[in-house]
Amino acid sequence: MQIPSKYDANQVEGKWYDYWMKHNYFHSKPDNREPYTIVIPPPNVTGVLHMGHMLNNTIQDVLIRRARLQGKNACWVPGTDHASIATEAKVVAKLKEQGIDKNDLSREEFLKHAWDWTHEYGGVILEQLKKLGCSCDWDRTKFTMDDDMSEAVIQVFVDLYNKGMIYRGYRMVNWDPEAKTTLSDEEVEYIEKQGKLYYINYQVEGSDQSLTIATTRPETILGDTAICINPNDERHFSLKGKRAIVPINGRIIPIIEDEYVDVEFGTGCLKVTPAHDENDKVLGDKHNLEVIDIFNEDATLNSYGLHYEGKDRFVVRKEIVKELEENGHILKIEDYTNRVGISERTKAIIEPRLSDQWFLKMEELVKPAIEAVLGDDPDIKLFPKKFENTYRHWMENIRDWNISRQLLWGQQIPAYYYGDGKEDFVVAETKEEALKLAQEKVNVTSSGVERSLTQDDLKQDSDALDTWFSSWLWPMSVFDGIRNPENEEIKYYYPTNDLVTGPDILFFWVARMIIAGYEYKGEKPFENVYLTGLVRDKQRRKMSKSLGNSPDALKLIEDYGADGVRVGLLLSSAAGNDLMFDEALCNQGKGFANKIWNAFRLVKGWEVSENIKQPESSKVALEWFDAKFQETLAEIEDHYSKYRLSDALMATYKLIWDDFASWLLEIVKPEYQKPIDAKTLQGVINHFENILKILHPFMPFLTEEIWQFMEERQPEEALIVATWPKKKSVNKELISGFSFTQEVVSGIRNIRKEKNISFKDSIDFSVINNENKSSDFDEVIKKLGNIKVLEYVSETVDGALTFRVKSNEYFIPISGAINLEEEIKKLTEELNYTEGFLKSVQKKLSNERFVSGAPEQVVASEKKKEADALAKIETLKASLASLQ
């Protein structure tokens, strides 16, 4: 086969991905092997590939490819999440472009549009993951709205309701006025926002007296139903038992007393608006206050807003302040910074709103999940461990989960109303089952009066379930473990092994999957959770479209190859820490691919002879590299066990770039236009194949291309299903001996370079072997140093340049090669400079104030300078002595 002169990722990647797909290497089914399972964090069906996905899925692919090479039954389940709010927003926007209002459509009509949108645009991200090389089992692709997945969600809802854990409650919730739905506490982000604090005067009924309240939300005064004072606040004793008049609407409201009011804050008078503030709602319930909701679901004002009806809350804020000022009700306005809740998805400012919602009781459910991660002998390990504190905080301060959403896209809540009362409902998996339950309830409550119900009498709750209520079942539902808990697949693949995700959904998703796992399988859903950092730019800014600092993921793959991008991402990613992404690292990855390709072309370009005896230098070099490979293999296995994937890659990178390409190939390389012996070439090929195996998880395309070029392979011999190298004992003595040899060779090369002695000219070389080093590597030194004669001596050699490695002295005769006088002059100047430098360093180190006051690493650095200078002076003096 003709090997191309350059590696072309664009030509190679599609070819091998198609080959892998054709031969079904990614597909898994239960067998007698040990399973290794990963479930993908399902990206939003609306999503496209961004840098966070690239990092997360590269890590998963590295783990799954390594497991496959280790002989495990590797199963990586892909899929997408229906993402209620995000998808519904996209569909509504598309309908708007077509002149269609969502509110004019029936549920069925809207869902048809939603499914059409999903089939047209959804899943784009999964196709993009293939470009990255992700070896998912595409036959298993799941979508959280698939029929079987939805059935599992409904089954769990009914089960938890029947256990008394799901209930309907009228509560203050987080309302997103843009998406027109409630949000759980975890879906609300908090930001600092610069606003105003308005001091507003209220007239006390039947007197000239007034009181002042301070508020950041003057528009809500139209919903005030009381003023509250602290009963111990002497400033306001005169207000006790009186009533106040709300400006603008003239509503007369009681002045109530409660120690909840902070005497130190504001004016000591608190406006109470139970419909629009959680704390006010608590006060309102305690004092039986009226609840007046002034907002529509889109945060415009309703009829309680009087002449502001239909206007947006922020428009009204400006206009009402103007009206209050004109009427003399504003005492003063101050700048004020406060924390404002915004919707994680739409970024709209959250409105507290009273609403009937469905909740899941969490207090008992979380207990096994807390023990699983934070117990003395945890079932589940978080990497990095620091995230345990975050997990603890969330889980120990958990509140009931608001699981209903006022959306159409999602699993519809399986509650059916059969009467006019709030409690006239049943919960069932099907309408037929609901009818039976409703009939039973009617018969019980009708006091003997017969009333026959039909399906037309049932009206299903219009709310959908929170998206996370489907994805918390993901590791079970993808194997049909909810509907068929004893099926072969769930028993084989569950619990899964590793979960790779971002810390931002540690509570949203990870913790809830753990809760669901213990509730429905009685065990953990996964063993290890690897939490990646956020991808940031070089300036440490979070990548975002608005900043324009997020590169186009597919363009990066086009420019640097998928392997180059994978290497670039992992080189900049330390476990759990934010990743400072720099495109230059992708270029480094591309350069690494080219380096390996050129090494391969070099090896395959050698002519081979069966008749040549293996040189001793090649024999020892191959033995050394075998030991070095085993040392690195043990190192990367350790890194993998701790999820330090960037360290595993870096160890592999150094082994290939430094040890294999720079040293081994240099030693075994045959002389110009001469053949290599067959034994050495086979040894090099064997090592190259082992390198490709450990590199494959990181750079799958390049490695498969080289593997298939090495020799003709059958499909069952493809690299993707090869065998991970076996660990053997490491010959540390060989590694240490070669490390010493490398220093000797570097010393020879330095002298050749400094003295302009051509590398083509062979030289003599003498050694005083004070270190008692074996002569095993002498042939390597002779080859790499182009040495004619290497001899061991007991005395210094006159007329030679010298250098030391530890206590060994090495001599290179230079008669005729250089101008003796010039060399002596040059060495003398260098000696004088180095001695002067040594004095300045020693002066610093003799200064007690410097040694005691400077940072430890600074002092250590100065001591190293001293040691290096002393060694250099000794070498220079020896060189001068040999020349004089």
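Predicted model: local features only at pLDDT ≥ 70, side-chain atom pairs only at ≥ 80, totals over all residues.
H6 itself covers residues 147–162, so to speak a 16-residue run. From first C-alpha to last, H6 reaches 22 Å, close to the 22 Å expected at 1.5 Å a residue. Its buried residues are Met149, Ser150, Ala152, Val153, Ile154, Val156, Phe157, Val158 and Leu160. Leu160 turns up again below, as a contact of Leu360.

## The nonpolar cores

The largest nonpolar core has 202 residues, and those touching the most other members are Trp358, Leu360, Tyr391, Phe469, Trp472, Ile514 and Phe765. Helix H19 (residues 645–668) supplies the largest share of this core, with 13 residues. There's also a second, separate core of 26 residues, with Val204, Ile221, Ile292 and Val316 among them.

Leaving aside neighbours within four places in sequence, Leu360 is in contact with Leu160, Met165, Ile166, Leu365, Asp400, Trp401, Ile403, Phe469 and Trp472. Two of those partners, Phe469 and Trp472, are also listed with Leu360 among the residues touching the most other core members.

## Where H16 meets H21

Next, a helix pair. The axes of H16 (residues 553–571) and H21 (residues 700–710) come within 7 Å and cross at roughly 125 degrees. With 65 to 115 degrees counting as roughly perpendicular and over 145 as roughly antiparallel, this pair is therefore oblique.

On the H16 side, the contact involves Ala562, Asp563 and Arg566, which meet Pro700, Phe701 and Leu702 of H21. By type, the residues of this contact split into 4 nonpolar, 2 charged and no polar.

## Two buried residues

Ile720 lies in the loop between H21 and helix H22 (732–754). At 1% relative accessibility, Ile720 counts as buried, since the cut-off is under 20%. Setting aside residues within four places in sequence, Ile720 contacts Trp20, Tyr25, Phe26, Arg65, Arg68, Leu69, His696 and Glu704. His696 is 24 residues from Ile720 in sequence, with their C-alpha atoms 7.6 Å apart.

Thr118, meanwhile, is found in helix H4 (residues 107–121). Thr118 is buried too, with a relative accessible area of 6%. Not counting residues up to four places away in sequence, Thr118 touches Val45, Thr87, Phe143 and Trp409.

How values were computed:
Residues numbered from 1 in each chain as written. Heavy atoms only, no water. Helix = DSSP H or I, 4+ residues; strand = E, 2+ residues; numbered from the N terminus. Expected span 1.5 Å × (residues − 1). Buried < 20%, exposed > 50% of the residue type's maximum accessible area, 1.4 Å probe, protein only. Axes fitted to C-alpha atoms, helices over the stretch in contact; angles between N-to-C directions. Parallel < 35°, antiparallel > 145°, perpendicular 65-115°, else oblique. Contact = heavy atoms within 4.5 Å. Nonpolar A, V, L, I, M, F, W, Y, C, P; charged D, E, K, R; others polar. Core = buried A, V, L, I, M, F, W, Y, C linked by side-chain atoms within 4.5 Å.
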